[in-house]
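Biologist: I am new to this structure, and I would like to learn how to read its features. Could you take me through a few of them?

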Amino acid sequence: MDVDGTMTDGGVTLLSQPDGSALEIKTFDAHDGQGMTLARTAGIRTGCITGRESGALLRRAQEMNMEFIYMKRAVKIPAYEEILQKTGVPESAVAFVGDDLPDLPVMRRVGLAVAVGDAVLEVKKAAHFTTRAVAGRGAIRETVELILKAKGIWEEMIDKARA
C-alpha cells in the first residue's frame with residue numbers, strides 16, 4: 001500500500017523546532033491497525049511503498065509487523081518488482097491500495113487494485129474496488145475485510161482478533 005493518503009489522511013504536520021528542524025507528525029487509524037493485524041494473523045503479507053521517509057511510519061509499520069517497508073521511492077515499480085522477486089508471488093495474488101497518480105503504475109499491474117474513497121479520479125478509474133472509507137479513516141481495514149471475506153475466512157478471523 002501507499003502511505004500518505006491511504007494509511008493517513010494525507011496531511012503532513014511539521015512541528016518547528018528551535019534549532020530550525022521540524023518533527024513530522026502523522027496520525028494512524030486504530031481500525032486500520034486492527035485490519036493490518038487481522039491480515040497478518042490470516043497469513044497475508046503486508047507492506048508499504050511511499051515517496052516520503054518517516055520515522056513515524058517506520059514505527060507504525062514495525063508495530064503492525066509489516067514485512068516490506070520501502071520509503072523515499074518516488075517511483076514505486078522497482079520496489080514492487082523487488083517484492084515480487086523476494087516473495088515469488090504472482091501479480092494476480094497482489095493487492096495494492098493507492099490514492100494518487102504515483103500509485104497508478106503499481107495499481108495497473110496487481111490482481112486487486114484498491115482506491116481509497118477520496119482518491120483522485122484517475123486512481124478510482126484504475127481501481128477494481130473503491131472503499132467507502134476515506135484515507136486514514138478505515139480504508140485499509142475495509143480493504144482487509146474485503147480480502148478476508150473473499151477468502152471465506154472473515155468469521156474465523158473475528159474470533160482471532162486481538163488488541
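This is a predicted model: local features need pLDDT of at least 70, side-chain atom pairs count only at pLDDT 80 or more; totals for chains, interfaces and linings use all residues.

Biologist: How many salt bridges does the count come to?

Modeller: A salt bridge is a side-chain nitrogen of Lys or Arg within 4 Å of a carboxyl oxygen of Asp or Glu, and by this rule the count comes to 17. One of them joins Arg52 to Asp4, whose closest N and O atoms are 3.6 Å apart. Because Arg52 lies in the loop between β3 (47–49) and α2 (55–63) and Asp4 in the segment before β1, the pair ties together parts that are 48 residues apart in sequence. Helices (H or I, at least four residues) and strands (E, at least two) are DSSP runs, numbered from the N terminus.

Biologist: Which residues are linked with Asp4 and Arg52 in a network of salt bridges?

Modeller: Glu24 and Lys26 belong to that network together with Asp4 and Arg52.

Biologist: Is Asp4 buried or exposed?

Modeller: Buried means under 20% relative accessible area, exposed over 50%, and partly exposed in between (1.4 Å probe, protein chains only). Asp4 is buried, with a relative accessible area of 15%, whereas Arg52 is partly exposed at 34%.

Methods: Residues are numbered from 1 along each chain as its sequence is written. Side-chain values use heavy atoms; hydrogens and water are left out.
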